[in-house]
Amino acid sequence: MMLRPTDPKEIKGILGNLKIHCAPGDDGVSSGLLRKFHDILCFPIDHLCNLSLTSDTFPSIFKQAIIIPIYKSGDKMTVSNYRPISLLKVLSKVLEKVVNNRLLSYLENHNLISNNQYGFRTKKSTEDAVICLSNIATKHMDQRLKCLAVFLDLKKAFDTVSIPLLLRKMECLSILGTPLAWFKDYLKERSQTVKVLDYTSNTQKVTHGIPQGSTLGPTLFLIYANEMCDLELDNAQIIAFADDTAIIFHGRTWEETRKTAEKGLAKIRKTLENNLLTINAQKTKWICFSITPATQPPTNFTLTLLCKSR
């Protein structure tokens, strides 16, 4: 992979496509301002981006995030009822977009991301993932096979990513030298503060996870989770959209399908644990597919989601 220099034309295109309603970072520079004056600002921003690429460094001032808790539902005094939104400087996202363009191009051109992964990729979408799942289930039912799907939910997947392990995975994809040095600097010494109304917490270092709210974050997670997408499972197909994963199992009987699913889930669980990722059992769901009531599983049919590997 090469981090080729950017130019004012590319920067102008990035600035012109910024979402104007996104909240600014702690510097107060809005995406609307950059977008409005993109014809002028593209030149100094181009210079700044190229300085970063050639020096293998990500500006430390861009590594500071503000966390805003957004209320979801339920008891307002319960912390888990708030969703943390990470605000980063807009200029940092412009630089990340430049690098992300090169990273995605490298991964796609060399077919380094699993074909089972549909998230955050060009020419692939959630609709494609749903159609794929539907086609697989329909095919199995047409063949008079029993079929069930498990929809995995991972606990704070982006927040628990191991940075050393992510960097080793990038090395295995031949992301070396200057690009790897840039990503190492991008991921290290990051910090965040929490802001509620006019109150701001002390600054805390971030030692794990992919930067929330970042442009590069989703692509880096695709690299991190790629191993799971390519797992070889008996009588099963994996369909992933970033950290949302569906596995379709099939068999000649419901009992055979159940055993196949539990064996496959044990293998997936072990792979996730090796990558410091954990299945959220409460939010993980499964469903059986059948054409008629007569082909449905027995009423006492159960599936153990977190069985130990055998």
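**Figure 1. Phe-58 and Trp-182 are both buried.** Here, buried denotes under 20% relative accessible area, exposed over 50%, and partly exposed the range in between, with a 1.4 Å probe and protein chains only. The model is predicted, so local features require pLDDT of at least 70 and side-chain atom pairs count only at pLDDT 80 or more, whereas totals for chains, interfaces and linings use all residues. Residues are numbered from 1 along each chain as its sequence is written, and side-chain values use heavy atoms, with hydrogens and water left out.

**Figure 2. Aromatic pairs around Trp-182.** Ten aromatic pairs are found in a search of the whole structure. Rings of Phe, Tyr and Trp (its six-membered ring) pair if their centres lie within 6.5 Å; planes under 30 degrees apart count as stacked, over 60 as edge-to-face and the rest as tilted. The ring centres of Phe-58 and Trp-182 are 5.5 Å apart and their planes stand at 85°, so this pair is edge-to-face. Phe-58 belongs to the loop between helix 3 (38-55) and strand 1 (64-71), and Trp-182 to helix 7 (residues 177-187), so the pair ties together parts that are 124 residues apart in sequence. Helices (H or I, at least four residues) and strands (E, at least two) are DSSP runs, numbered from the N terminus. Trp-182 also pairs with Phe-183: the centres are 5.3 Å apart and the planes at 90°, so this pair is edge-to-face. The relative accessible area of Trp-182 is 0%, and Phe-183 is likewise buried at 0% relative accessibility. One aromatic cluster is formed by Phe-58, Phe-62, Trp-182, Phe-183 and Tyr-186.

**Figure 3. Charged side chains over the rings of Tyr-186 and Tyr-224.** A charge sits over a ring if NZ of Lys or CZ of Arg is within 6 Å of the ring centre and within 35 degrees of the ring normal. Arg-190 lies over the face of Tyr-186, 4.9 Å from the ring centre. At Tyr-224, the charged end of Lys-169 sits over the ring at 5.5 Å from its centre.

Figure 4. Leu-187 has a relative accessible area of 2% and is buried. Apart from neighbours within four places in sequence, Leu-187 is in contact (heavy atoms within 4.5 Å) with Ile-163, Leu-166, Leu-167, Pro-211 and Leu-220. From Leu-187 to Ile-67 the separation is 120 residues in sequence and 18 Å in space, C-alpha to C-alpha.

**Figure 5. Packing of helix 1 (residues 8-16) and helix 4 (residues 90-109).** The two helices pack at an angle of about 115°, with their axes 10 Å apart. Axes are lines fitted to C-alpha atoms, for helices over the stretch in contact, and angles run from 0 to 180 degrees between N-to-C directions. Helix 1 and helix 4 are therefore roughly perpendicular to each other (65 to 115 degrees; under 35 is roughly parallel, over 145 roughly antiparallel and the rest oblique). Glu-10, Ile-11, Ile-14 and Leu-15 of helix 1 meet Val-94, Lys-97, Val-98, Asn-101 and Arg-102 of helix 4.

**Figure 6. Positive phi at Asn-235 and Ala-242.** Most residues other than glycine have a negative phi. Asn-235, with phi near 50°, is located in the loop between helix 9 (226-229) and strand 7 (236-241). Asn-235 is partly exposed, at 35% relative accessibility. Ala-242 has a phi of about 60° and lies in the loop between strand 7 and strand 8 (244-251). Ala-242 is buried, at 5% relative accessibility.
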